[in-house]
Amino acid sequence: MHVLSFFDSRTFPASYPNNGVGTSIHIGTVSGPRPNSSLRKGEQEKRCEQEECGLEGAAPAAASATTPEPFADPTTPGEKKVLQSFEHAQFSAYNPSAVESSWYQWWEKSGFFQPQPGASESTFVVPLPPPNVTGALHCGHALANTIQDTLIRWNRMRGLTTLWVPGCDHAGISTQSVVEKMLWKKESKTRIELGREAFTKLVWDWKDEYHQRINNAQRLMGGSMDWSREAFTMDENCTRATMESFCRLHDEGLIYRSDRLVNWCTNLQTALSSLEVENKDIPGRTLLDVPGYERKVAFGEMTYFKYPVEGTDLFVEVATTRPETMLGDTGIAVHPDDKRHTHLVGKYARHPFTNRLLKIVADTYVDPELGTGAVKLTPAHDYNDYQLGKRHGLDFINILNGDGTMNENAGPSFQGQKRFDCRYHVVEELTKLGLFVKKESHAMTIPLCEKTRDVIEPLMKKQWWVKMGDMAAEALKVVEEGKIKIAPESAEKSYQRWLSSINDWCISRQLWWGHRIPAYRVILDGQGTSEEDGQAHWIVGRTPEEAQAKAAAAYPGKKFSLEQDPDCLDTWFSSGLWPMATLGWPNETTDFKKFFPTSLLETVFFWVARMIMLSLKLTGSVPFREVYCHSLIRDSEGRKMSKSLGNVIDPLDIINGIDLESLHAKLLTGNLKETEITRAAKYQKTAFPQGIPECGADALRFTLLSYTTGGGDISFDIKVMAAYRRFCNKIWQASKYVMGRLPEDFKPVAHLDVTNLSTPEKWILHRMNCAVKELNEVLEAREFSKATQIAHRFFYDELCDVFIEHSKSLLTEGTATEQESVQQSLYRALDVALRLLHPFMPFITEELWQRLPRAPYENVTSTPPSIMLAPYPTPDSNLDFPVEAESYELSLQSTRAIRSLAAEYAIKTGGSAFIKATDAASNASISPQMASIKTLCGKVLADLALLGPEDTIPTGCAVFVLTNNIIVLLNVANVISDVDAAIKKLQVKLQKKQVVATKQQELIKRDGFEKSSEVVQTAEKAKLEEANTAVNNYQRTIEEFEKLKIKV
């Protein structure tokens, strides 16, 4: 009995309910992306501190010696959550673990994730790109899942019938490699010693354990997948689909068997696709670690040596970066016009170690300027030499065993040696014979196994191949015709480039874990069984019984036995069938008829290409109508995530929080070398000196979406996560405030009475309507970063910072009618805001929405039990108030200007400000807003006066220019002790801002700027506007301070 436990069960719950509570921690005072560029730095910092505390609430507790008791959720798992009062210790401020408990189990048990017939007959179906069943998920998975879940939840709320099909990929090479290492580590056994059947059972046990871990992690991230339809690439139906595809493609002549060069990993002892090979460029001689070698191996060296020409006293000099391959040389090529070598064409060189004759041929492929102009040919171990060998009828001699040692064809002096040990030995022997010439440093590209970092060897192997030419042409055609949309544009170009130069696909893998190839060699009575020769007969069958029947029909009256190919199929072959196999294909199931083709795939383009080709060929249909390729997540230093670097972040560590010691401990649970563990621990100590704070799933999701611009790679910074954790607290405290201001008998109205709305109410409802319209548009356009900006701006800058602040005076000083109106407006704005945010932040929005009084929704016959089934907001023309909104914006701009000046001159209370209008129209426009401006400024101002066109500006004022006709002034005379020093300080600031403005103008005028993303262009133009505004303000303030000198 071989049962191994591959991870400590204490590191993850056996089931996903209440995953425990960590300490509420915040990192520094770093704020998240802020769209409000009009605020000066001092006020931004101040607002960040206020955000920590939230509205009328205490700040989340920092890490301390005493860890608070975990939240004990009284809810029965799977039942609707028992809501706690805002006065409860765990709910007075935002606590992710308390807020996120219980909701997912209730959603899943209630069947909310399953397709629900909606108001629309349209469907939105997403097949989850199955994560490899090889361990914990990383932030790349979290990003992909967040994007998909955002679209699923958005479309579900829009009334579409939605389906998100989850599942895992068996990941043949990765999984077998991991389990083999674990087996050796635990029992000092190899898979060969264990045997195929026992080893395969062991991998199934391992898969079941880690599969559950992955699913739990996806649940904790809030993914609304339909778990009742969960698939696995080796489950019954996916296996049926894989066998069907192989047999059908073989019967059509698209799958064939051939002895050709493959990418061979000697460490894994299997063939690899080009997608599993990483090409490493080196500038010259470089020492590299290679698995299986104690010492580093030298690469990037050009070795020159001579072959004696048979029957003459001449020599032909050649050069190679792989001297060990000369043991497999069967020819030498020269250019037909190279006069140095034309006299040798047709002659033979004698191999010094094998006594083999090497034919000297002429071929225009040879570059006479490279090396010596003569090229040694090893057709069985080099892709270019392979083609020349075919062209000139050379012998193909394999000199390598599968494990990277030299075989008998290398000669008795070298047989059994490791390939790179043999490299040095060959040079030594050439030197002894006087045939070695020299070595030179030489730039080259080294192919490395993506999994093991082993150096890939081109090796001749009899394998199964798929003809790709016609299928690739069809796959290009459907994209060109618009039947499939691929975004971003860079991904579509990569797709076209890859398919346009695609080679036939080797689908054989020398593995035990995976779909065993359904091909059987027919061995007739009296025929040898040990070696496959060129006359071998193969039968394919979906089942052994089908293969037996086919063989009997092909060889009537003959006795035979069948021997199944021991190899497995490339994992990409079965996962390429994922969109259709998960819906029941090859059977015509109800799901397949209703939901295929699917709507969208969110993934990488290599996999996309496989799926499109296979689907077009096997079903006659595209597998999906849209592809969205997300960016690669890198660490804060821009490096690719790698376990050996220690920068791979487990999303659960962000959700739950983790201390530095525990991060270090996780490095010891994998297969890292000691040197890699040391390097990884060093990075963790630098990047996460206090560990990772508990941020929760909602903050994680919102942060990842905020990074998703559709552009280049993402540099992920945990500090940004902390800022959005504070945004969650802002949502919590604002909602708590609004609900606390609603009377117990409050009943929300279905339609607001807009006739008596105040200007601030019209403004917030208008801004809400704009946010609704914009969010639907950008989600339709898959502009996720812009979506988070819009949602953040509406909730934070407009609802919280403006309307909620303004509502305080109306709720305390307004008439009963005014108070009731404001309550209805507050409710409407909060309800809409929560529904707008739900696709991004499912947990906090459900928790808060469930606490709101219920309002009937338009075109909804019954009250939705969950916010995920509530309608997503759509624009309401009755709430468009552009004139009133523009008027109120002027008061907001004035408020920001006063706050900005107050922050710059450290005036916290009792300030005196003026607004100067230079013409009658501006005076009439700003006059009605004066009371609102003073209210919004809060305790910063004691006095606010309006100066008309004829009024003079008081001396000693700092200036903020709002428009050509309106300026804001703050009296700072009392806080300036030295006018000259103050002017000098302003002049320094002015010069700095002038430099910034000049640089920004140059940047925007630079060629290619218009080709950058819209997000980048908007940000850079905003910087220019801010700099120009500051320049104007400093110049005007200096003028006013000069007047103060004259007065003195």
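The side chain of Asn776 reaches the backbone oxygen of Pro873 at 3.0 Å, a polar contact (a pair of N or O atoms within 3.5 Å, where within protein one must be able to donate a hydrogen and the other to accept it, and residues adjacent in sequence count only if both atoms are side-chain atoms). This is a predicted model, in which local features need pLDDT of at least 70 and side-chain atom pairs count only at pLDDT 80 or more, while totals for chains, interfaces and linings use all residues. Residues are numbered from 1 along each chain as its sequence is written, and side-chain values use heavy atoms, with hydrogens and water left out.

**Around Asn776**

- Asn776 sits in helix 23, which spans residues 759-780; helices (H or I, at least four residues) and strands (E, at least two) are DSSP runs, numbered from the N terminus.
- A polar atom of the Asn776 side chain also lies 2.9 Å from the backbone oxygen of Val772.
- Asn776 has a relative accessible area of 16%, so it is buried (under 20% relative accessible area is buried, over 50% exposed, and in between partly exposed, with a 1.4 Å probe and protein chains only).
- Setting aside neighbours within four places in sequence, Asn776 is in contact with Trp154, Tyr872, Pro873 and Thr874, where contact means heavy atoms within 4.5 Å.

**The chain as a whole**

- The chain's secondary structure comes to 31 helices and 33 strands.
- Its C-alpha atoms fill a box of roughly 110 × 65 × 60 Å, taken along the principal axes.
- Of the 1048 residues, 55% count as buried.
- Take the contacts between residues at least 6 apart in sequence: 77% of them join residues at least 24 apart.

**Helices 21 and 24**

- Helix 21 (residues 696-707) packs against helix 24 (residues 784-813) at an angle of about 120 degrees, and their axes are 6 Å apart; axes are lines fitted to C-alpha atoms, for helices over the stretch in contact, and angles run from 0 to 180 degrees between N-to-C directions.
- That angle makes helix 21 oblique to helix 24 (under 35 degrees is roughly parallel, over 145 roughly antiparallel, 65 to 115 roughly perpendicular, and the rest oblique).
- Helix 21 brings Phe702, Leu705 and Ser706 to the contact, and helix 24 brings Phe784, Ser785, Thr788 and His792.
- These contact residues divide into three nonpolar, four polar and no charged (Ala, Val, Leu, Ile, Met, Phe, Trp, Tyr, Cys and Pro count as nonpolar, Asp, Glu, Lys and Arg as charged, and the others, Gly among them, as polar).

**A covered helix**

- Helix 26 (residues 842-849) is mostly covered, with eight of its eight residues buried.
- Among the buried residues of helix 26 are Glu846, Glu847 and Trp849.

**Glu310**

- Glu310 is placed in the loop between strand 10 (301-308) and strand 11 (315-320).
- With a relative accessible area of 38%, Glu310 is partly exposed.
- The side chains of Glu310 and Arg350 are joined by a polar contact of 2.9 Å.
- Beyond its neighbours within four places in sequence, Glu310 is in contact with Tyr348, Ala349, Arg350 and Leu357.

**Arg625**

- Arg625 belongs to strand 27 (residues 624-628) and is partly exposed, with a relative accessible area of 47%.
- Apart from neighbours within four places in sequence, the contacts of Arg625 include Lys483, Ile484 and Lys485, along with Pro597, Thr598 and Ser599.
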